[in-house]
Amino acid sequence: GSMICLPKLFSGHLSGRVRKILSAAALALVIGLGVYVRLGGIAGATSWNPDEVNIRHWMKMHQGGAGFPAVYPGGFFVMSRPAKTFFEKRIRGPLWHVGFRCGLTDVEYPPRGMEFRLWGILFSLLLAALSIWLAHSLARVVTGSYLGALAGAIAFAFHPIFVEHSHYLETDIAMLFCAMLTLRLMAWYSHTPGFVALALTALASGFAFGVKYTNIALLPTLLLTLFTTHVTRTFLETKSRTETSARFSGFSVLLKKALWTRRSLWLSFLAVIVLFLLGSALATPRAGSPNRERNSTSVNASAEQSPQKVPGALNESASRFVKVTNHLRRESQGLTADSDPMTARVVLVMRAFWGSFTAPGALWTLGVVVGLLALAFQRRFLPFLPLALGYPLAYGCMIFLVAPWFRTQEILPLLPFFSLAYAALVAWAIDFPSLKDTKSRYAWWFRGIGSFAVLVATVFSLACAWRRATDLDEV
C-alpha cells in the first residue's frame, strides 16, 4: 500500500548537457538520412515533373532581372535568386577554380553558372533539411520532450509525399519551409509574448503567403494565437490582483476587458495585418532596370507584360491578394458540373486527402489519430492548441471551400500537424507511468505496459513510413 515513486522513462539518469548532445546527434542523423533518401541513394531517381518547365523558365527570367505574371506566387524565386548568387560566388565557384588549378578538371567554370533545374532541386533539398530541423524545434517547444521531438521530426522527414516532391523542381518545399518557420516563430510568441516575436511572425506569414497561396491559413492562425495569448495574459493579471468570486460574471468582465478596454489587442490585430501585407509584398518579384541586359526575348516580353506599379507596397500586396482570391474562386466554381457542386467538391477532396494522408501506412495513420487525442486533451499542450489545431483547421476550411483542387502536394502543409501529433503521443507515453504518483503496483505495471506498447507501435509505424519513403513505387 506504500506509494510508488518511479522516475520518468529515459530521463533523470542523464544530465541536461548529455541529453542535448544525444538529441542533436540523433537529429543530425535524421536530417542526414532525409537528405540521403532525397538524393535518390536508396530509391533511385524519380520521374520528371511537368511543372519544371515553367518554374525553370521563371527562375531564369527573375535571375536576369525580369518579372512575370503576378497571379503566380513569386516568393520561391525571391528566395532562390540571392541564394544562387551566394552559392555560385562563395562556394561552387571557388571550389571549381581550386579543382581547375589542381588538375582535377580541365574545364573552366561556366560563365552562366549552375543550370537552373539542378540549382532549384538542390535549393529545395536545403529547404527540406531546414524544415526537418524546424519541425524538431517546434515539437521540442510544444511538448518539452526530446524523444517526442525526435519522433515528430522522423514522422515529418519521411512522409513519402514529402520525399517524393523533394525530387522535383517545385515551389512546394519552399512553401512548407516558410510555413514551418512561421509556426516556429508563432510558438515563440505563444511561449514568450512580445512585439518582436509578433512582428517577425506576421512578416514571415505574409512572405509564406507570397511563396504559395495555400499559406493564407497562417493568417487566421496567427490572429487566433494573438487573441488567446492576450486573453490568457489578461486572465493571469486579473487572477493575481483579485481573488475568484463569481466565475461566470468574472469571466464576462474579463472578456469585456480583454476585448474593449485593451486597445493593444486591436492595435496588434492592425499591426499583424499590415505586416502580413508587407511580408507578401517582399515576396513579390520586382522587374529589373530597363537598361539591364536580358538573356532572351522572352525575358523582355515578360518585363513588358509585368503589372504596373501602384503607389506603395502595401496597396500592391492587398490588390494582389484580392486578385488571387477571385482567381481561385472562379476556378473552383468550374471544378464540377454537377447539380450540387459543394457535395461533389467534398467527395473529391476527401478521396484525394485520404489517399495522401494514408500514404505512410495504416499504422502511421492510427498514430496520428491517437496523437491528436493526446495533443488535444493534455493540459500542458493547452497554450499551443491555437497553433497546433487552429492551423490545420484553417487550412482544411480553405481547401474545402476555396481551393479548386487537391493534389498530392496539398497534404504537405499538414505535415507540421502530423509531426506535433506524433511528438505529443510519444511525450504522453513516456510520462504516462509516472502520472499522479500511482499508488498501486498493478496500476503502475498496467500503465508501463501500455506506454511500452504505444512506443513500440510508434517505432513500427515510423519504420513503415521510412520503408515507403525509400520505395516510392508502393505509394
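I take the expected span of a helix as 1.5 Å times one less than its number of residues. Helices (H or I, at least four residues) and strands (E, at least two) are DSSP runs, numbered from the N terminus.

**Ground rules.** I am working on a predicted model, where local features need pLDDT of at least 70, side-chain atom pairs count only at pLDDT 80 or more, and totals for chains, interfaces and linings use all residues. Residues are numbered from 1 along each chain as its sequence is written, and side-chain values use heavy atoms, with hydrogens and water left out.

**Helix H17.** I checked the length of H17, residues 390-401. Its 12 residues should span 16 Å at 1.5 Å a residue, and the end C-alpha atoms are 16 Å apart, which agrees. Next I looked up burial: buried means under 20% relative accessible area, exposed over 50%, partly exposed in between (1.4 Å probe, protein chains only). In H17 I list Gly 390, Tyr 391, Pro 392, Ala 394, Tyr 395, Met 398 and Ile 399 as buried.

**Whole protein.** I find 19 helices and 0 strands. Of the 475 residues, 46% count as buried. I took contact to mean heavy atoms within 4.5 Å. Among contacts with a separation of 6 or more, 78% join residues 24 or more positions apart. The accessible surface (Shrake-Rupley method, 1.4 Å probe; for residues, only the protein chains shown count as cover) comes to about 24500 Å², and 66% of that belongs to carbon and sulfur atoms.

**Core.** A nonpolar core is a set of buried Ala, Val, Leu, Ile, Met, Phe, Trp, Tyr and Cys residues joined through side-chain atoms within 4.5 Å. The largest one has 107 residues, and Phe 162, Trp 364 and Phe 418 touch the most other members. Helix H4 (residues 116-143) gives this core its largest share, 13 residues. I then followed Phe 418, which sits in helix H18 (residues 415-431). Phe 418 is buried, at 3% relative accessibility. Beyond neighbours within four places in sequence, Phe 418 contacts Phe 357, Trp 364, Val 368 and Ile 411. From Phe 418 to Ala 153 I read 9.9 Å, C-alpha to C-alpha, across 265 residues of sequence.

**Salt bridges.** I counted a side-chain nitrogen of Lys or Arg within 4 Å of a carboxyl oxygen of Asp or Glu. The count is 4 salt bridges. Lys 212 pairs with Asp 172, closest N and O atoms 2.2 Å apart. That pair links distant parts of the chain, with Lys 212 in the loop between H8 and H9 and Asp 172 in helix H7, 40 residues apart. Lys 212 also meets Glu 410, at 3.6 Å, N to O. Glu 410 lies in the loop between H17 and H18 and Lys 212 in the loop between H8 and H9, so this pair ties together parts 198 residues apart in sequence. Asp 172 is buried at 4% relative accessible area, and Glu 410 and Lys 212 are buried too.

Elsewhere, Lys 84, Glu 88 and Arg 92 form a salt-bridge network. Within helix H3, Arg 92 and Glu 88 are 4 residues apart, about one turn. Their closest N and O atoms are 3.9 Å apart.

**Surface patch.** Leu 363, Leu 366, Val 369, Val 370, Phe 452, Val 456 and Phe 460 make a nonpolar patch of about 620 Å². For patches I joined residues with over 30% relative accessible area and no salt bridge: like charges within 9 Å, nonpolar side chains (Val, Leu, Ile, Met, Phe, Trp, Tyr) within 5 Å. Helix H15 gives the largest share, 4 residues.
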